[in-house]
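Have the structure open as you read.

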Amino acid sequence: KEEELGKTKSQVEDILPRLMLERASTSTKRVAEIYEGFQGIKAIREELMLSFKPADTFLVLGAPKIANVKWEGWFLDFHQRRIERKVKMKILYNSNAQEYGELRRKMKLTEVRYLSNHLVSPNWIDIFPSAVLFVMVLQNPIAFVVRDRELANSFRAYFDIMWNNSKI
């Protein structure tokens, strides 16, 4: 565990100067928005998906089983359109959602890994080129998006650390 912690520490130390430089050079204004209900989540995720160019990689951190149980039909349609647009995807699933992860693993342009057993949550984070979408699967689902390239870059770095320390 000490070796893994040392590896993670060195990864953070490698990316921290770059993130600090990006933060210092950023002058655009951050925008935060809230979306309620399944239709709201669907609408904002579809809009943000348009920000990807072919060969970009869409990152999902903490994909929960409950979301897949509730919205699998839409997710499958979403993935089909993503693949048609040639957008790659890396998904870090909660450990209890392996049946959905195995379905995604068979999809083109898609890589799947799993978070450790003690990291199970009904919430997830989508990382887009210049925005981060936080989704909470509650009785009435809610999502908020922060449109900020600097934040997206820092979450991308965080995702990379989690990806490198996850289970295949």
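What volume does the largest pocket have? The largest pocket has a volume of about 380 Å³, where a volume is the space filled by probe spheres set on grid points, joined across faces, edges and corners. Please keep in mind that this is a predicted model, in which local features need pLDDT of at least 70, side-chain atom pairs count only at pLDDT 80 or more, and totals for chains, interfaces and linings use all residues. Residues are numbered from 1 along each chain as its sequence is written, and side-chain values use heavy atoms, with hydrogens and water left out.

**How spaces are found**

- Rolling a probe the size of a water molecule over the atoms shows where empty space is left.
- On a 1 Å grid over the protein atoms alone, a cavity is a set of points where a 1.4 Å probe fits but cannot get out, while a pocket is an open set with protein on both sides within 12 Å along at least five of seven lines. Lining residues have an atom within 4 Å of a point.
- Helices (H or I, at least four residues) and strands (E, at least two) are DSSP runs, numbered from the N terminus.
- In the class counts, Ala, Val, Leu, Ile, Met, Phe, Trp, Tyr, Cys and Pro are nonpolar, Asp, Glu, Lys and Arg are charged, and the others, Gly among them, are polar.

**The largest pocket**

- Its lining has 14 residues, and Glu4, Thr8, Ser116, His118 and Asn165 lie nearest the centre.
- Two or more lining residues come from each of helix H1 (2-25) and helix H5 (149-164), with H1 giving the largest share, three residues.
- The lining of the largest pocket is made of six nonpolar, five polar and three charged residues.

**The second largest pocket**

- This pocket has a volume of about 190 Å³.
- Among the 14 residues that line the second largest pocket, Leu61, Gly62, Leu115, Asn123 and Ile125 lie nearest its centre.
- Strands E2 (57-63), E5 (123-128) and E6 (131-136), along with H5, each give two or more residues to this lining; E5 gives the most, with three residues.
- Ten nonpolar and four polar residues line the second largest pocket, with no charged residues.

**The cavity**

- The count comes to one cavity of 30 Å³ or more, and about 110 Å³ of space lies in the largest cavity.
- Arg45, Val60, Ala63, Phe75 and Tyr93 are the closest to its centre, out of 13 lining residues.
- E2, helix H3 (65-84) and strand E3 (88-93) each give two or more residues to the lining, and H3 gives the most, with four residues.
- By class, the cavity lining has nine nonpolar, two polar and two charged residues.

**Helix packing**

- Helix H2 (residues 37-49) and H3 pack at an angle of about 10°, with their axes 12 Å apart; axes are lines fitted to C-alpha atoms, for helices over the stretch in contact, and angles run from 0 to 180 degrees between N-to-C directions.
- H2 and H3 are therefore roughly parallel to each other (angles under 35 degrees count as roughly parallel).
- Their contact (heavy atoms within 4.5 Å) includes Phe38 and Arg45 of H2 and Trp71 and Phe75 of H3.
- The axes of H3 and helix H4 (residues 98-105) come within 11 Å and cross at roughly 15°, so H3 and H4 are also roughly parallel to each other.
- Among the residues in the contact of H3 with H4 are Phe75 and Leu76 of H3 and Tyr100 and Leu103 of H4.

Note on methods
Angles under 35 degrees count as roughly parallel, over 145 as roughly antiparallel, 65 to 115 as roughly perpendicular and the rest as oblique.
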